[in-house]
Amino acid sequence: MIVSLLLPILPPLALSFLLAGLWGPGPHLFRSHFLLKVCLAVGLALGISSCTYFVWLLIAGPSRMGLIVSESIAFIAAASLLFYALKKRVAWDDVNGCSQPMSKGLLIALSACTLVALIPSLTRFVFLSLSAPHGEIDALTIWNLRARFLARGDEQWLDSFTGLLTTRVPDYPLLLPASIARWWTYLGDEPTVVPALVAMLFTFTTIGLAASSLGLFRSRGQGLLAGIVLLGTPFLIRHGASQYADVPLGFFILATVVAFCLHERAAGHRPGLLAMAGLMTGFAAWTKNEGLFFIPIVILARLLVVVPERGWLSYWNEMRVFAAGLFPVLLIVFLFKLHIAPGLSQIVADQGATTTIERLSDASRYIEAGQAFFKKAARFGHPGLAVLLVYLLLMGWRTNEADRSGFLTTGVTLGLMLAGYFMVFIITPHGVRYQIETSLDRLWMQLWPTAVFLFFLFVKTPEEAMVRNSPLSGEGNTLSQVRA
Amino acid sequence: MTSALSSILKRATIVSPFVGMLFLLLVSLFSTIKLTKPTEQFASRFAGITEIVPDNVTLHERRVSGLRTLLPPHGTVGYATDDDAGYARYEKYLTIRYVLAPILVEDSPHVALVVGNFTQPATDPQQFLRQRNLTLIKDLGQGVLLLEGAPR
């Protein structure tokens, strides 16, 4: 039963795993950094399959057998090409970010703590999904509703894009609905476990991606600590189980910066990682409107980081490969927005030159939004930024030259995203208070996994911090060293 | 004095990573304890296990399941309810819209076929229908009615 339930996702997952293996780190295709590749492959699989399903609906309309046959042919053809490309794969013997080995006892203790944090998180996720199998209100009115129309609509599948079903965001894109509808179409049934499973995959692969990538960039201990912090963020688990699109968007934002960091580490061995970053950015835009806003921010962040370091030519070459991954998905997004979506989001549609300038020049809006942002920053996540700050002061920080560009890209992207979200609060037509109450938590959630990733990229690893009179001590800082 | 301070700081440098990790682990693991609360509630709710109470949406889905055979597979139907205006009413409308998909549900009684959703015990359905020019086609029980819509 479980195999038949998972069958629809297995072909795209296998294909995506090949892609992650081709572009991913390590000398071995499958064994090296297995968790990292699996996490990337899950996001790619859901993104790619939602696109193929949507394109199939547009071209041929709803036909279960047609979909299965055409997708199978496409996936087999793509897998053949990938197998051919894999023969030419250059081995990249990545070096672990931390030169200090961690004691076995400490590693076992951290692994045990991760398990202790993982079990209640998984259990809670399952119970939340059982108590609300159709998801919370936005899942009912946007994501799963659209999935039902796509899967049940037959020739009238476009009915869900009429004014009757519009909310304030009629142009929300279709990665989640199309992934769920495709899965249901394959099964020929609509079990509520499917949207819950999609939500679970996104929630736990976000945590796995942060932990496994930090395990590569810094150390295994560092990765485990990041995983524990994310598992100890109750809102991540609760919101993930609500079947909203914020956690999936957070996954794609994190996956994009991880792909850029991997590209920096690979030092030219894996140009495909830039295409992967482009794909992940495209999938962010295909998940939620905030993802569209993420595209120019990533491009700008790379410009600010790459041009001063390596010049315009290097930036241009990088962007060409990035665009090769981004454009196919972006084409689908624009096709949907321009020809199918019944209108624009109210937050965009309700802007006018006069009203927007009025809002921008109203100081009280800045004060209200600023206060809300700072309060949220102090308390968000359960460990929260305040706790992370104390941890940073106790452990110290270290900048690794190999990760400098990746670190800067992540930091600039995060800063620009936060600034952009802040400005949305200033120009919102719904009122600042309403926007704070209804969306601030969710917007933070989109950025929280990336913020945790950035933090652990910066803070010293336990291994580094524990070394007395470490040779690395000259490279890093701690509170006591600063005081001394 | 300076050497004593320096010695304290040196020790602090050695101890602080352990303190830092312990602090982070305790705070994170403590917050995961919070995660177990709904599980306990869920377990205690079903400790006596007499029946598993389905969620609200599933209940609505069961209530209106009889409508499926009476409604066309596609198209638009209206919606009439005795709920007071407000968010609770809107939420019920959204749920009906979700459970009847892919039929479009317009929040208006001026459509040829109208789904009646009655949840207030004090409501007199006959009077309600008369006031809104609606005609009963079929009473499916549990407050679910299929109605002929009022002309616009």
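I will come back to its neighbours in a moment. Please keep in mind throughout that this is a predicted model.

First, the strands of chain B. On one side of the pairing list, β3(B) goes with strand β1, residues 76–81, in the parallel sense, over 4 bridges. One example is Y79(B), whose bridge partner in β3(B) is V115(B). The other pairing is with strand β5 of chain B, residues 144–148; here the two strands run antiparallel and 5 bridges join them. For that pair, take G116(B), which has L145(B) as its bridge partner in β5(B).

Now chain A. Its secondary structure comes to 22 helices and 2 strands. Along the principal axes, the C-alpha atoms fill a box of roughly 70 × 60 × 50 Å. Of the 484 residues in this chain, 50% are buried. As for contacts in chain A between residues at least 6 apart in sequence, 82% of them join residues at least 24 apart.

Next, the core. The largest nonpolar core has 163 residues, and the members that touch the most others are A210(A), A226(A), V452(A) and F453(A). Helix α8 of chain A, residues 193–217, gives the most to this core, namely 15 residues. Chain B takes part as well: domain 1 (2–45) and domain 2 (56–148) of that chain each supply at least three residues. To look at one member in detail, V452(A) touches A210(A), A226(A), V229(A) and L230(A), leaving aside residues up to four places away in sequence. As general background, nonpolar side chains in soluble globular proteins tend to be buried together.

Last, confidence. Chain A has a mean pLDDT of 87, with 90% of its residues at 70 or more. Two stretches of the chain need a caution. Over residues 468–475 of chain A, pLDDT stays under 50, and the model has 6 contacts for them beyond four places in sequence. Residues 478–484 of chain A are also below 50, with 16 contacts in the model beyond near neighbours in sequence. Where pLDDT is low, predicted coordinates should not be read in detail.

Notes. Residues are numbered from 1 along each chain as its sequence is written. Chains are lettered from A and ligands numbered from 1 in the order in which they are written. This is a predicted model: local features need pLDDT of at least 70, side-chain atom pairs count only at pLDDT 80 or more; totals for chains, interfaces and linings use all residues. pLDDT is the predictor's confidence in each residue, from 0 to 100. Two residues are in contact if their C-beta atoms, placed from the backbone, lie within 7 Å. A nonpolar core is a set of buried Ala, Val, Leu, Ile, Met, Phe, Trp, Tyr and Cys residues joined through C-beta atoms within 7 Å. A residue is buried if 20 or more other C-beta atoms lie within 10 Å of its own, exposed if 12 or fewer, and partly exposed in between; C-beta atoms are placed from the backbone. Domain bounds come from an automatic or database domain assignment. Two strands pair if DSSP finds at least two bridges between them.
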